[in-house]
Amino acid sequence: MSILRNLAACLALVAAPGVATAQSGASDDVMVVFDGSNSMWGQIDGTAKIEIARSVMGNLLGDWTADRQVGLMAYGHRRRGDCTDIETLIAPAPGTAPAILERIGTITPTGKTPLTDAVEQAAMALSYTDRPATVVLISDGLESCERDPCELARTLEKGGVGFTAHVVGFGLASDDDAASLACIAEETGGRYIQASNASELGDALSDIGSAVAVVEEPEPELPQVTLTAPDTVVAGAALQVGWSEVVAQGDYVTFAAPEMESEDYISFNSTDDRDEAELRAATRPGMYELRYIHAATGDILGTRAIEVVPHAITLTAPDSTATGARFDVAWTNASHYSDYVTIVPQGAEEGSYGDYLTVQENETGSLLAPSEPGLYEVRYLFNIDDTTAVARPIEVTDVSVTLDAPATALVGQEITVGWSDPIDERDYVTIVAAGADEGSYTNYTRVQSAREGKLTMLPEPGLYEIRYILNEGRRTIASVPIELTEPEITLDAPDEAQRGAQVPVSWTGAVHPRDYITIVPAGAEDGTYDNYIRVQDATSGTIQAPAEVGLYELRYVLQEGRRTLATRPIEITAPSVTVSAPDTALTGAEIDVSWTGTVHPRDYITVVPVGADEDVYLSYRRTDDATEGKLQMPSEPGQYEIRYVLREGRRVLASRPITLSDAEVSLTAPDSVVAGAKVKVGWTGAVHPQDYVTIVPMGAEDKAYDNYVRVGGGTEGMLTIPSEPGLYELRYVLREGRKPLARKTVEVTLAEVTVSGPETALAGSPLAVSWTGAVSPQDYITIVPMGAEEGSYTSYVRAGKGAQGEGQIVAPSEPGLYELRYVLREGRRDMARQPIEITEPEVTITGPAEIRAGDEVAIGWSATINPRDYIAIAPAGSDAATYDSYLRAQARTEGKLTAPETPGLYELRYVLSEGRRILATQVMEVLAADAQLQSGATLEAPEAAAAGTTIDVGFTTGSTSPDRRITIAKADQAIFTWVNAVRIDGEVPVALPLPDEPGTYEIRFLDVTEQEVLARKVIRVE
């Protein structure tokens, strides 16, 4: 039940960019540890190893030593057999390379190989626990002073700030020597290189020198993070924690005790992609810390103290309840929705739980009492650590239940069982063998909230028990004995029946409605079944006989256990069936067939190739209650059979041969036709009304089809020709099998079509077009942008009947270059085009600048482009589809509308019906129904001006009020509020600063003393 606590570590691993191999940084001090032991006198290719080392040491000490602290230490160079013979020859300092090379030239190999102590002393000399340090060890042999260099390397790596050891093994005697030296480098993240001659040693020292010379940028100092949270939190509750910044992906915040290490916590949450998260408080009161943890390093980048105060959780439950019963519990002041309430034995270990429920957002719930009586506790548990917040004792007592059932019943019978008050709705009543183990069950019924239920008896006779069992713990609360006895069942049916026929059967003594009557081969195993019927509440029925002749048994089978309770023998015999049909027929034709001796209405008559397997069929028809009918023939000629097939087992009971041959069919049509036209085609020798005549490209597959006409009962029809020119075939195709019976080649050519109209037209205006060479009445003339895809269309008119015609379409609403096109309806193919330029119409609209709400508005416009265009009043700045009222332009240039009832700024608009495009506007202000218009003053100002500029506003007035002002305000701003205002001192004009924000504004002449509006004027600030 507790929350898993390892996810934060996973987040840290995911966020970390990788574990880099440690290298000396720019600030590392370096100590070269040189082997001066006696083994350095050993020779390689006739030259002592000491001489070879001296000759190539310069490869190690490159330019990087000029500004780095580099020193030299040697071992075994002064005394024989002395493991303490270790000496710092040159202390670390910048520019020591010449001195180091000179001093190595004076070393005389003498003693033992205390390389482990030497590396340790070198690390100490470099203060490796306080700052990054690098040791370069050059040795030709194994440690000889009984120390483990690998163990030392692990200690230095763990305790150092950034310790690295590079090792060069030179002329080693064995693989053991190499492994001993290599582990020093491996444990500290350094490099190990083995050299066996002078050339390899020189290369090795060059490589180590390059590694030591690498300058890494210092790690940036991690920022401190500020955490925000409440000062106190209730034990176990959730709290929101915020942070000032996210340092890196994968960082997280924790709730921890002050003594915990950074990787330990009570709860945590990720900081990724947010600035606050939820944490869970500890369950014990006291002082704690909130921490921000840097995932890559584990560093604590911010903390905040928080106090956990005691909870105030209460828990109520009854003093006692019955075993297995559901009882109510309640709680208050829940700490967290994931906490839970459970019932456990009194004194159970902390964290134990039995039946439980999570508190969620509730304050009440129910638990299921254990099945064993005794003393228990109801506990409220914190989900975060499974500790108990509060507990309450409860006694679980045994309960008495009584069962009511008959003393005897028939095997398989469904009986009614009653019981006294149920304990829990999931308890159940079952039947088991007398003395069966506790918890055993077979057939059962849930008690739910009822007092009785149905229970099916078992199939074998004998002594049994009916038991009431607690769902909780499967404990038996009550039982009564019952004896199951054999029923007396009889079956009656004819002694024989034809195969596949419906056989009448009757029975007595039925036990259960789900029992069934079946028919099986004589002597078949118990439980076998084939065709069957349920007995239900009846005493008779019909069952279908098998397809195979022979000796069978009718059986009454108990649904429970599939046990046979009664049998009756029956012989299945072959019926006498005939089928009749013509000797020959045409492929695809529908022929008359007849039959005698129908066995079953679901039997069928079919046609198949001669000798086909019994279960093969092509087209077929059911026999039903008829003796004759129609049957569709296949499309391929040849020898076939008409068969009567028994539905049961698909057995062939009768057959008759028939020969099929192709019909002689012919097609007539013009040799050449126009693309997209409708053409009369004729045919002779039609086979079936559902056959069809189609037109397809020459060489198309036999089953291909395009436009087609059904032959029906006629000899000719109209067929639409494809839109693409070329060679085609007319085909007469059998519906059965889609087999072509006749073909005729036709050539499809393009018609000579023209389309014409004016060279220019106004946007949205009616446009007269004409055409010649029309192909189909459903073709259409349209106007589209120049270069639009073939088949595109906007406004259009159908070509109609006749080879030529004229009509009207509407020009698009946007100016530009367009095309008039004649388009075939078939395939939407463009047959003719003419370019046309759509130009911008010039329209103006006039009306009053101010109007009272509800007054009649007289509106004029300079020209009507299309009678369907409309004049509208709409809120200022609204889209073209929005309007308050409108009138159609028709053939006039003036009209009247009613002003809106709501005061505000509106626009008078001339709107193209085509595309709803606004061609002209005038701003109109709707005033209150009782408003004064231009009362006592006039204003003169531009219609529009740039935002942030200052304009001159002229005025006239007869007012002598001491406080008069000219203001500019937003259109919807209250009258005596403004953006800018200028007090009038008598001089005309006044300079009025405009707002910085573009929009529609209003200049107002205000008499502040008398609280009157003397004049208004709308201005657009751009």
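Me: How much space lies in the second largest pocket?
Reply: Please note that this is a predicted model. The second largest pocket holds about 420 Å³ of space.

Me: Which residues are closest to the centre of that pocket?
Reply: They are Ala849, Gln922, Val923, Glu943 and Val1018, out of 20 residues that line the second largest pocket.

Me: Changing topic, how many salt bridges does a search of the whole structure find?
Reply: The search finds 53 salt bridges. In general, side chains of opposite charge can pair when their charged atoms come close. One of the salt bridges joins the side chains of arginine 280 and aspartate 339, at 3.1 Å from N to O.

Me: Why does that pair tie together parts that are apart in sequence?
Reply: Arginine 280 belongs to strand E14 (residues 276–280), whereas aspartate 339 sits in the loop between strand E19 (326–332) and strand E20 (340–345), so the two parts tied together are 59 residues apart in sequence.

Me: Which residues form the positive surface patch?
Reply: Lys678, Arg798, Arg825 and Arg828 form the patch. Of these, arginine 825 is in the loop that runs between strand E63 (816–823) and strand E64 (830–839).

Me: What about the backbone: is the peptide bond from valine 988 to proline 989 cis or trans?
Reply: That bond is cis, with omega near -5°. Proline 989 is located in the loop between strand E77 (980–983) and strand E78 (990–993). For context, most peptide bonds are trans, and most residues other than glycine have a negative phi.

Me: Is phi of aspartate 45 positive or negative?
Reply: The value is positive, near 55°, although the residue is not glycine. Aspartate 45 lies in the loop between strand E2 (43–44) and strand E3 (47–48).

Key
Residues are numbered from 1 along each chain as its sequence is written. This is a predicted model: local features need pLDDT of at least 70, side-chain atom pairs count only at pLDDT 80 or more; totals for chains, interfaces and linings use all residues. Side-chain values use heavy atoms; hydrogens and water are left out. Patches are made of residues with over 30% relative accessible area and no salt bridge: like charges are joined within 9 Å, nonpolar side chains (Val, Leu, Ile, Met, Phe, Trp, Tyr) within 5 Å. Accessible areas come from the Shrake-Rupley method with a 1.4 Å probe; for residues, only the protein chains shown count as cover. A salt bridge is a side-chain nitrogen of Lys or Arg within 4 Å of a carboxyl oxygen of Asp or Glu. Lys and Arg count as positive and Asp and Glu as negative; His and the chain ends are not counted. The place of a charge is taken as NZ of Lys, CZ of Arg, CG of Asp or CD of Glu. Helices (H or I, at least four residues) and strands (E, at least two) are DSSP runs, numbered from the N terminus. On a 1 Å grid over the protein atoms alone, a cavity is a set of points where a 1.4 Å probe fits but cannot get out, and a pocket is an open set with protein on both sides within 12 Å along at least five of seven lines; lining residues have an atom within 4 Å of a point. Grid points are joined across faces, edges and corners, and a volume is the space filled by probe spheres set on the points.
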